[in-house]
Amino acid sequence: MADGQSNRGGQRRGQRGGNSRGGNQRRDQRGGRTRERELLDAPRKAALEVLKAVRQDGAYANLVLPKRLRAKKIKGRDAAFATEITYGTLRAQGVLDEILSRASTRPLRDIEPEILDILRLGAYQLLKTRVGAHAAVDTSVIAVQAAGKPGAKGFVNAILRKVAQHDFDHWVMELVPNPAADPIGYLATKYAHPKWIVEAFAQSLGSQAAELEAALAAADERPIVHLVARPGEISAEELALITGGEEGPYSPYAVHLDGGDPGALEPVRDGMAAVQDEGSQLIARAATQVPVDGEDSGRWLDLCAGPGGKAAFMGAIAGIDGATVDAVEVSPHRAELISKTVRNLPVTVHVADGREPGLEPGYDRVLVDAPCSGLGALRRRPEARWRKQPTDIPELVALQKELLASAAKLVRPGGIVVYSTCSPLLRETVSVVADAVKNHGLVELDAQQFVTPMADVGPGTSVQMWPHRHGTDAMFFAVLQRPNDK
């Protein structure tokens with residue numbers, strides 16, 4: 001799988017122990033005795049720091065790790081290795097814990113958190129990368145010493161040697177010995193997802209549930225970078241030429257990059273481009289493109305504007321069309337960030353609750369990019385799948401319905417509402433839309449025509465994107481209209 005590919009040859013290097021992948025051991029001759037001064041290599045040290053931040057502070061790895069790499073000046077292959085083992089360990093954490101519990105003589109809850117982080121990182125290297133078993137175990141023991149826990153060295157060594165006795169596929173079969181009797185459990189273990197999420201994905205795929213394994217595999221792959229060329233500033237063709245990327249297949253503003261730091265690109269630094277998933281671009285574009293009934297007076301609204309990407313896209317189009325955008329965000333801090341993102345655009349940011357924003361009704365266009373479970377973007381946030389619980393969903397659904405009810409009041413007769421989530425869960429998508437149609441007098445329109453040439457986006461009139469089909473996050477959107485009273 002992708003996680004193992006960025007460390008080609010790691011096993012040979014690890015066995016030599018000559019660089020970061022195999023540890024760094026310096027021996028001094030003193031009085032005829034050899035003493036080891038053990039040093040934990042920088043990539044693994046950075047990985048453990050991020051694991052701790054995620055566990056202890058609730059941090060997001062995709063925000064913390066790049067800062068750690070820059071601070072430690074970790075670049076090139078070492079940066080790729082650190083990224084692989086950090087994100088991979090977080091993605092696989094639930095399954096790694098099951099395997100470790102089989103190999104441990106004590107319950108995982110009784111193991112010190114720092115030691116458990118080291119065990120998880122070591123087990124991931126053993127089972128999902130090409131790092132040699134000797135290097136993975138030895139560097140884990142070094143990490144225990146570096147953490148100031150020398151008494152746990154033997155314990156960690158023993159557990160990881162038990163883990164190393166079998167490959168990942170063998171461990172999967174130990175955990176789920178009869179895949180035919182428990183296909184959901186088998187896929188959940190093989191692709192390291194909580195079982196309830198696998199079940200929810202299967203329900204969302206419906207008649208195409210045969211794609212479930214492909215959907216789970218795609219959620220484990222690190223996505224390539226998607227850039228958006230800001231409308232009116234630069235074209236996708238120009239952005240692709242400047243950055244060396246390729247134009248996206250669906251959004252006329254999208255450019256795909258294989259890697260690198262997008263923040264270092266001149267068009268991004270100058271505000272002519274930004275990082276934005278191609279699916280998000282399509283949703284924001286639809287909010288500006290769907291025809292309204294009657295004249296468009298140019299009053300547009302982004303009711304849930306954080307973190308600001310869609311508001312900036314709508315603002316750029318509004319600048320071309322002579323419209324204005326009101327952007328609502330409940331968090332003052334996030335509202336400040338949005339203000340920076342939309343500077344020089346015809347966007348006004350309001351710190352308010354989208355359910356009762358205190359704005360004058362009569363908007364031609366309203367985007368409700370609702371807070372959701374985020375299960376459509378699991379590949380971008382490796383720790384997210386283990387943080388989410390099925391008990392989180394009812395509260396989110398209630399909020400989504402309230403926001404859509406607010407939008408129904410704020411949009412004018414003949415105006416349109418675009419409802420979107422970064423989730424494929426039926427409870428957060430088609431069920432919320434059905435509630436709005438039933439209880440708020442909105443009419444659902446055909447959204448699929450606004451993502452052409454994207455195809456295979458679901459059986460109804462709404463759009464459900466998937467990473468394994470479209471290369472986007474698993475985003476959903478529907479187009480609703482308030483009937484004209486005339």
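**Exercise 1.** Which residues does V163 touch, not counting residues up to four places away in sequence?

*Solution.* First, the ground rules: this is a predicted model, where local features need pLDDT of at least 70, side-chain atom pairs count only at pLDDT 80 or more, and totals for chains, interfaces and linings use all residues. Residues are numbered from 1 along each chain as its sequence is written, and side-chain values use heavy atoms, with hydrogens and water left out. Next, apply the contact rule, heavy atoms within 4.5 Å. That gives I99, L100, A103, A123, L126, L127 and W171 as the residues V163 touches.

**Exercise 2.** Find the members of the largest nonpolar core that touch the most other members.

*Solution.* Start with the term: a nonpolar core is a set of buried (under 20% relative accessible area, 1.4 Å probe, protein chains only) Ala, Val, Leu, Ile, Met, Phe, Trp, Tyr and Cys residues joined through side-chain atoms within 4.5 Å. The largest one has 56 residues, and I99, L100, I115, L119, L127 and V163 touch the most other members. Then check the helices (DSSP runs of H or I, at least four residues): α7 gives the largest share of this core, 9 residues.

**Exercise 3.** Is R412 buried or exposed, and what does its side chain meet?

*Solution.* Locate R412 first: it sits in β11, residues 411-421, a strand (a DSSP run of E, at least two residues). R412 counts as buried because its relative accessibility is 14%. Now look at the side chain: one of its polar atoms lies 3.0 Å from the backbone oxygen of D293. Among the other residues that R412 touches are Y363, D364 and R482.

Note on methods:
Buried < 20%, exposed > 50% of the residue type's maximum accessible area, 1.4 Å probe, protein only. Polar contact = N/O pair within 3.5 Å; in protein donor to acceptor, adjacent residues only side chain to side chain.
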